[in-house]
Amino acid sequence: MQKCENCNAQFSWSKIYKSFWWMYKPIECENCGARHKITIFGRFTFVILTILPMLIFMYFLTPFNNVFVTIGTGSLILIVGSFFTPFVVQYEKAS
């Protein structure tokens with residue numbers, strides 16, 4: 001999981017997760033107050049782990065004939081993928 005570049009304090013999973021859903025809001029270190037913003041690579045990682053699997057399932061792999069079941073399963077894939085993103089995205093110290 002990501003750590004502060006100033007003091008090496010580890011960011012919490014929930015703090016990183018919340019920053020995704022608020023337009024990639026910068027994270028502020030609770031220990032030293034340094035602000036970190038998500039990198040472009042981190043944004044791509046977020047999309048690759050959440051939106052891309054959902055779209056691939058919904059457009060190409062869906063075994064269901066019911067639109068509501070397809071949308072529900074796609075949404076579930078999006079949510080499950082988003083749970084893993086705080087472990088792999090990268091942040092950098094804001095200048």
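Visitor: Where is M23 found?
Guide: M23 sits in the loop between α1 and β1. One caution before we go on: this is a predicted model.

Visitor: Noted. Is M23 buried or exposed?
Guide: M23 counts as exposed, at 75% relative accessibility.

Visitor: And what about its backbone, what is phi of M23 near?
Guide: Phi of M23 is near 60°, which is a positive value in a residue other than glycine. N8 also has phi near 60°, and N8 is again a residue other than glycine.

Visitor: Where does N8 lie?
Guide: N8 lies in the segment before α1. N8 counts as exposed, with 55% relative accessibility.

Visitor: Let's switch to Q2. Where is that one found?
Guide: Q2 is found in the segment before α1, and that helix covers 13-21.

Visitor: Buried or exposed, Q2?
Guide: Q2 is buried: its relative accessible area is 14%, and the cut-off for buried is under 20%.

Visitor: Which residues is Q2 in contact with, leaving aside neighbours within four places in sequence?
Guide: With those neighbours left aside, Q2 is in contact with Q10, F11, I16, V89, Q90 and Y91.

Visitor: What does the side chain of Q2 have by way of a polar atom close to Y91?
Guide: A polar atom of the Q2 side chain lies 3.1 Å from the backbone nitrogen of Y91.

Visitor: OK, new topic: the loop between β1 and β2. Which residues there can you tell me about?
Guide: C32 has its place in that loop, with β1 at 27-28 and β2 at 35-38. E30 is found in the loop between β1 and β2 too.

Visitor: Start with C32. What does C32 touch, not counting residues up to four places away in sequence?
Guide: On that count, C32 touches C4, N6 and C7. As for A9, the C-alpha atoms of C32 and A9 are separated by 8.6 Å, and the two are 23 residues apart along the chain.

Visitor: Which side chain does E30 make a polar contact with?
Guide: That would be K15: a polar contact of 3.4 Å joins the side chains of E30 and K15.

Visitor: Zooming out now. What does the secondary structure come to?
Guide: The chain has 4 helices and 3 strands. Along the sequence, the pattern is α-β-β-α-α-α-β.

Visitor: Why call the chain more spread out than a compact globule?
Guide: Because the radius of gyration is 16 Å, well over the 12 Å that the globule rule gives for 95 residues. The C-alpha atoms fill a box of roughly 55 × 20 × 20 Å, taken along the principal axes.

Visitor: How many of the residues count as buried?
Guide: Of the 95 residues, 29% count as buried. The chain exposes about 6,400 Å², and carbon and sulfur atoms supply 65% of that.

Visitor: Last one: how far apart are the mean positions of the charges?
Guide: The mean positions of the 8 positive and 4 negative charges are 4 Å apart.

Key:
Residues are numbered from 1 along each chain as its sequence is written. This is a predicted model: local features need pLDDT of at least 70, side-chain atom pairs count only at pLDDT 80 or more; totals for chains, interfaces and linings use all residues. Side-chain values use heavy atoms; hydrogens and water are left out. Helices (H or I, at least four residues) and strands (E, at least two) are DSSP runs, numbered from the N terminus. The radius of gyration is taken over C-alpha atoms; the globule rule is 2.2 Å times the number of residues to the power 0.38. Buried means under 20% relative accessible area, exposed over 50%, partly exposed in between (1.4 Å probe, protein chains only). Accessible areas come from the Shrake-Rupley method with a 1.4 Å probe; for residues, only the protein chains shown count as cover. Lys and Arg count as positive and Asp and Glu as negative; His and the chain ends are not counted. The place of a charge is taken as NZ of Lys, CZ of Arg, CG of Asp or CD of Glu. Contact means heavy atoms within 4.5 Å. A polar contact is a pair of N or O atoms within 3.5 Å; within protein, one must be able to donate a hydrogen and the other to accept it, and residues adjacent in sequence count only if both atoms are side-chain atoms.
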